[in-house]
There are 2 protein chains.
Amino acid sequence: MEYRYLKNIKGPDDVKKIPEDQLPELASEMREALFNRLTKIGGHFGPNFGVVEIAVALHYVFDSPKDQMVYDVAHQSYPHKMLTGRAEAYIDDEHFRDVGGFTNPKESEHDMFYIGHTSTSVSLATGLAKGRDVAGKKGNVIAIIGDGSLSGGEALEGLDYAGEMNTNLIIVVNDNEMSIAENHGGLYKNLAQLRESNGTCETNLFRAMGLDYRYVEDGNNVSALIKAFREVKDTDHPTVVHVHTVKGKGYPLAEKNKENWHYSIPFNRETGEPLHKWSGESYNSIFAEHIQERIAADDSIVVVTAAVPGAVGLGKEIREKLGKNYVDVGIAEEQATAMSSGIAKNGGKPIFVTNATFAQRVYDQMTQDVSLNGSPVTIILCSASIFGMGDATHIGISAIGMFSNIPGIKFLCPTNREEYLAMLDYGIDQTEGPVIIAVPSDGVHPAEYSFDTDYSGSAKYRICEEGEDIAILALGDFFGIGKKTAEYIEEQTGKKVTLVNPRFATGLDTETLGKIAADHRIVITLEDGILDGGFGQKVASFYGKTDVKVLNYGFERIFYDGVKADDVLRDCRITPELIYEDVKSL
Amino acid sequence: MEYRYLKNIKGPDDVKKIPEDQLPELASEMREALFNRLTKIGGHFGPNFGVVEIAVALHYVFDSPKDQMVYDVAHQSYPHKMLTGRAEAYIDDEHFRDVGGFTNPKESEHDMFYIGHTSTSVSLATGLAKGRDVAGKKGNVIAIIGDGSLSGGEALEGLDYAGEMNTNLIIVVNDNEMSIAENHGGLYKNLAQLRESNGTCETNLFRAMGLDYRYVEDGNNVSALIKAFREVKDTDHPTVVHVHTVKGKGYPLAEKNKENWHYSIPFNRETGEPLHKWSGESYNSIFAEHIQERIAADDSIVVVTAAVPGAVGLGKEIREKLGKNYVDVGIAEEQATAMSSGIAKNGGKPIFVTNATFAQRVYDQMTQDVSLNGSPVTIILCSASIFGMGDATHIGISAIGMFSNIPGIKFLCPTNREEYLAMLDYGIDQTEGPVIIAVPSDGVHPAEYSFDTDYSGSAKYRICEEGEDIAILALGDFFGIGKKTAEYIEEQTGKKVTLVNPRFATGLDTETLGKIAADHRIVITLEDGILDGGFGQKVASFYGKTDVKVLNYGFERIFYDGVKADDVLRDCRITPELIYEDVKSL
C-alpha cells in the first residue's frame, strides 16, 4: 500500500491541504491503515471503521489543538490519531507500539484527556468550554459521542447541563445504531424516529435537553460532514450534530455482524477468521453454561448487564434463549444496580454482571440502593485483577479496596472453578444481602482442596495446609502464588508452612486468625489488588497489638498502565523467591 | 386541633372511606399535622407541604402495599407516612421519634426502600416491576420523583430504561419548579414548556425517552389527581404523570422563599423565625467569606456544586455576586466532577463542593475523569464525619476509605480553622492533581500549633508534641480527642506522649513513622471514619514487620443509623479513658 496522502500527514494542517474531492481517497487509505494494524495486533474494529469520515471532516474544518476534541470512550480515536501526527503507528508495523488504544495527552497535544470509560465526553467538554471562557481563551470545544454511550448517566447529566450553557460547545452524536451489543433504552426509539424523519420529527431528546440540533444522514460522506461542521463552527451556543454512520463501514463482514466486530483480535482479512483460536475452558463459558442450567430450573433468576454481556460469555443466541430472564439496560451501571435491588425486593434473584473497572460507577448505588436495603443481589466482577486488561483505564485492581469497605457487603474471592460455582450458587440462593464475587482471572484451575457450599454469616477462612511458624493467607486469584510460595519456603527451610484460603475479602475470621497467632511468628497476606484499603491491611491491623509479624503483598496505589502482570508482580515482590527474602530479613 | 379525619386513619383503607369531596379537609388536617411536627422538631418543609394532595390521591386510587410506591429521596414522604398507620408521629408530640425522615421498610410495609439519596426511585421501580413480573405477582409500581431529582444520572438512566419496558410502571413527576435551590439544566426549559402548554407541546423529554405521558396542571387539587391516577392505574406500559405542584403549599412564607423553606429547624409559625438562632463562626461562613475574597482577586477560580450550595454557605446573594465563577449543575455529581476536570485542563481553578455522602456518586469520575488525568481539582467534602448528619443515608464516615485508596488523590484532613484555609488555598493554587479536603465537623477551632501552607509532594506528618514510648496519630477532626488522650495518659503515667497531626489520609510519611519506631513502643491512630480501608490500617501495615504495637481507632463497618456521635465514640472506645485501658492491657 502506498498511502499517497496519509504518509504525508504530520498534523491537521496537512489534512487541510488536500482538495476536498480527494478526501474520500484519504479515508480509503486510512481504512487500509486500520486493516494493517488490526489484522496484526487487534483492537477496536467497528467503532474506528465507522468514524473515519467524521475524523477527517473535523480536522478539515476545525483547528486542533486550539479547537479541542474529546472522543467519548476514545476507543474510536484511531483515525483522529492518524491525522494528528501518529499515522506511522498504523502504517508502519514497527511503530504499532507508539500509541495506545485510547486518547492520551502524553501521546499528543491533540488528545485532551486520557479516556477509556464511556459517557464522559460531554461533561468533560462542558468543563473545557467553561475553562476556556473563564481563562479568556478562544476556540471550539467538540465532544464526539457514540449513540451507545448516550444511555450512561454521566452523558445524560452532561447533555442536560450543556443545555443551559450560553457558549460554544459542539456535540457530535455518532449514531451507528449500536452499543457493543444492541442498544437498550427508550431513547433509541427516538434516535430511530430522528433518523427516519431526516432529523425533522418533533419529539427530540436533544431539543428536550435545551440543545440546538441538526442532522446528517450520510455520516460516511465527508462533504456532507464538512458542510454541517462549517455551519456550527464558532457557534455561540451548544449544538448537537446528529450523524448517522455505519459501524464497521468498509468491511462487509463487520457491517453485517456488528457485535462480533466491535473489537477484534488479529485476524485473516480474506476470511475474517482469527489468527489464533482460543481453546480450552474459560470462566465466560463456565458462567454462561451454569446460568442457563440454573434459569431452566428457576424462573426467578434474572441476569442483569450494562451492555457487556460478552464479559460472561452471553452471546446473542444465549441471550435470546434466556429471554425475560436476561436484562441489558444499556451502558447504565447505576440503573443496573438499583434495578437489581428492586428485582430482589420483589422476590427475583438478580445477578448483575460487569467488569470491575465499570463497577466503579456504582459505589453509591451498591451502598444505598442495595446494601443499606439488605437486597440479596449477586454481583459478578470480571477482570478484578492484574491479569487481563492492561490499560490504566481498565485494570480492575481497585475492586477490593472499593467494595470491601462498604457496610453490609460480602466480597468473595474464589480460587478455582468449583469454588466459583459454589459461591455463585450461594449468592443466587441466599437472602442475607449483596454478595460480590471476583471471577478468577489467572486461568481456570480445578479444585485441589475441598470447598464449602455455604458462605453465610461472617468471614470464615479455610486452612488448606497446616504448618507452623509461617502462615500464608492467599486471597482469590493469588492462591496459586501462595501455594507456590509455601512450597518454596518449605524447600528452603524444611519446615511446613500453613496455607490459608481466606475466601472473604470482607471482614476478618478472627477465630482462625487468633489460632494462627498461637503457633505462628509470621503471617503473609497476598491479594490481587492495591494494598491500600485492601485485605492485608485489615489483617495487619488485627495483629497490631500482638507479637505476630505481618507482611502484606499487593500493588502500589498508582495507575499501572500498559503493564505486564509478571513485571508488576516482580516489582511488588510477589514471587516465592522475593517473599522468602523478606521473610528471612525478619 | 381535632384531626377529625386524620386521627382515624390507621392505613390506606381508611383513606378510601372518606368521601372524595372531603379529601381537601383531610389534606388541610395533614398540613396542620406537618406544622405540629415541623415547628417543634424541624424537618423537610417545602417538599412535604407540596406533596400532600399527591399522597392522598395515590392512597385513594391505589392499594398499597400490593401497589408499591417508591418516593424519590423520600424526604417528602411525611404525608405518605401519615396515611399508612403513622399519623401519630405527626399529631402526637410523644410519638415524634417513632418515625425517621425518610421511607424505611423497618417502619412500615408501605415503605419499599430505605432511601435518602436523590434520583434513585425510577431505577428501583423498574426493578420492582421486573421482580413482580418474574415472580408472577400483580399490582402497580409507582415512582414519585421531584423535578429537582430528574437531573441526576441515575434518574435519567432509569427513565431511559423504563422506556423500553412493556409492563406496568407509573412515574409521577412532582414538578414544583425547584430543586433545593433553583433548578439547573436544559431539561427544565422543557418542563416549563410542558407546563405552559398544559402538557401538549411536541418537544417532550419523557416521550423522547420512549414513555407515555400525561399532565396535571393543578397538582394540589386532589380530584384532578384522582382522575389522572385512575386513568393510568393498571396500565400495561410505563407512563409519566407530570404533576404541577407548589412547593411549600399552604404556608405563604414557604411558598414565597422556597429555598430557605426546603428544610427547617424548629420555628415560630406566626413569624417564620427559627426558635434557636445559630451564633458563632461556622465552616460554612468561613468558606463563603474566603472564597469571595479569592475570586475577587483571581477570575479563574470556579466554585462548582451539585445543588447543595448551602453546604458551604453560598446563599443566593453570594451566588449572584460570584456570577460566572459559580456553577450549579443541578443534582448531577458526575457532571460536576468531570466538568471540574475540564475546567482545570483549560487553566481554570475548580473547587467542587459537596457533602461526603453525595460524593459516593463520583468514585469513578474522581478516578478516571480527574485523577488519571492529573487534573488539579479541589474537592471540599462537608460532613465527612460522625459529627453532623445522623441518618444511615447521610453519615459521611466512608469518605476516607472511599477516596484515600484511589491512585493519585491527595486527601487532606485539617484540624483547625487556619489549617483548613491553608489547605484550601494550597488546593486552589497547586497544579499537581486532585486534592480532597474534609471540612472539620466538630466545631470551629483556632490553630494551637503552627501549620504549613505547602502540602505538595508525598505525605508529611507534623509532630506537635514530642514524647516517648507512646505516640498518638490523630487525624483531622479527631485531633482534639487525640490531644485529650495524650494529656490523660500523661496524667496517668507521668510520661510525655508524642502527639502527631498526620494531615494526610493518603500515603504514609514513612520517614516520620520510622523515627517514631525508634523510641516508641506503642502507636495509636485515631480517625473520624470507618476503620476498614482507612488511615490506621495503613499505619498498622507499615509497622507489621516491626516490634511497634499499633492500636487503630475508628468506626465499625456497619450502617450507623440515627445515632449520637458520643454513643458511637464510646462504643468504639474512642475516649481518653478507654484508650488508656487498651494501652495498659498491652
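The legends below describe close-up views of a predicted model.

**View 1. The domains of chain A and the contact between domain 2 and domain 3.** Chain A is divided into domain 1 (6-12 + 20-257), domain 2 (283-438) and domain 3 (462-585). The centres of domain 2 and domain 3 of chain A, taken over C-alpha atoms, are 27 Å apart. Domain 2 of chain A brings 22 residues to the contact, and domain 3 of chain A brings 25 residues. On the domain 2 side, helix H17 (399-403) and strand E12 (410-412) of chain A each supply at least two residues. That side has 13 nonpolar, seven polar and two charged residues.

**View 2. The contact between chain A and chain B.** From chain B, 102 residues are in contact with 103 residues of chain A. Sorted by class, the chain B side has 37 nonpolar, 43 polar and 22 charged residues.

**View 3. Helix H7 of chain B.** Helix H7 of chain B covers residues 153-162. Ten of its ten residues are buried, so helix H7 of chain B is largely enclosed by the rest of the structure. The buried residues include Glu154(B), Glu157(B) and Asp160(B), along with Leu156(B), Leu159(B) and Tyr161(B).

**View 4. The largest nonpolar core and Leu381(A).** In soluble globular proteins, nonpolar side chains tend to be buried together. The largest nonpolar core here has 378 residues. Those that touch the most other members are Val56(A), Leu381(A), Ile472(A), Val56(B), Leu381(B) and Ile472(B). Apart from neighbours within four places in sequence, Leu381(A) is in contact with Thr354(A), Ala356(A), Ala359(A), Ala399(A), Ile436(A), Ile437(A), Ala438(A) and Val439(A).

**View 5. The parallel sheet that holds strand E2 of chain A.** Five strands of chain A form an open sheet in the order E2-E3-E4-E6-E5, with parallel pairing. Strand E2 (68-71) and strand E5 (212-216) of chain A are at the edges and have a single partner strand each, so one side of each is left without a neighbour in the sheet. From one strand to the next, the twist averages 20 degrees. Four bridges pair E2(A) with strand E3 (residues 141-146) of chain A in the parallel sense.

View 6. Strand E17 (residues 520-530) of chain A and E18(A) run parallel and are joined by six bridges. Ile530(A) is opposite Phe555(A) in E18(A).

**View 7. Strand E16 of chain A and its two partners.** E14(A) and E16(A) run antiparallel and are joined by three bridges, with Glu465(A) opposite Leu499(A). E15(A) and E16(A) also have three bridges, in the parallel sense, and Leu473(A) has Val500(A) as its bridge partner. Both faces of E16(A) are covered. Thr498(A) and Val500(A) on one side are buried, as are Leu499(A) and Asn501(A) on the other.

**View 8. The loop around Pro105(A).** Pro105(A) is in the loop between helix H5 (88-91) and helix H6 (121-134) of chain A. With 14 other C-beta atoms within 10 Å, Pro105(A) is partly exposed. Leaving out residues up to four places away in sequence, Pro105(A) touches Asp111(A), Met112(A), Phe113(A) and Tyr114(A). Ile115(A) is ten residues from Pro105(A) along the chain, and their C-alpha atoms are separated by 9.7 Å.

**View 9. Backbone geometry at selected sites.** Most residues other than glycine have a negative phi, and most peptide bonds are trans. A cis peptide bond joins Ser64(A) to Pro65(A), with omega of about 5 degrees; Pro65(A) is in the loop between helix H3 (46-61) and E2 of chain A. In chain B, a cis peptide bond joins Ser64(B) to Pro65(B), with omega of about 10 degrees. Ala74(A) is not a glycine but has a positive phi of about 70 degrees. Ala74(A) is in the loop between E2 and helix H4 (78-86) of chain A, and counts as buried, with 29 C-beta neighbours inside 10 Å.

Terms used. Residues numbered from 1 in each chain as written. Chains lettered and ligands numbered in written order. Predicted model: local features only at pLDDT ≥ 70, side-chain atom pairs only at ≥ 80, totals over all residues. Domains from an automatic or database assignment. Contact = placed C-beta atoms within 7 Å. Nonpolar A, V, L, I, M, F, W, Y, C, P; charged D, E, K, R; others polar. Buried ≥ 20, exposed ≤ 12 C-beta atoms within 10 Å, placed from the backbone. Core = buried A, V, L, I, M, F, W, Y, C linked by C-beta atoms within 7 Å. Pairing = 2+ DSSP bridges. Axes fitted to C-alpha atoms, helices over the stretch in contact; angles between N-to-C directions.
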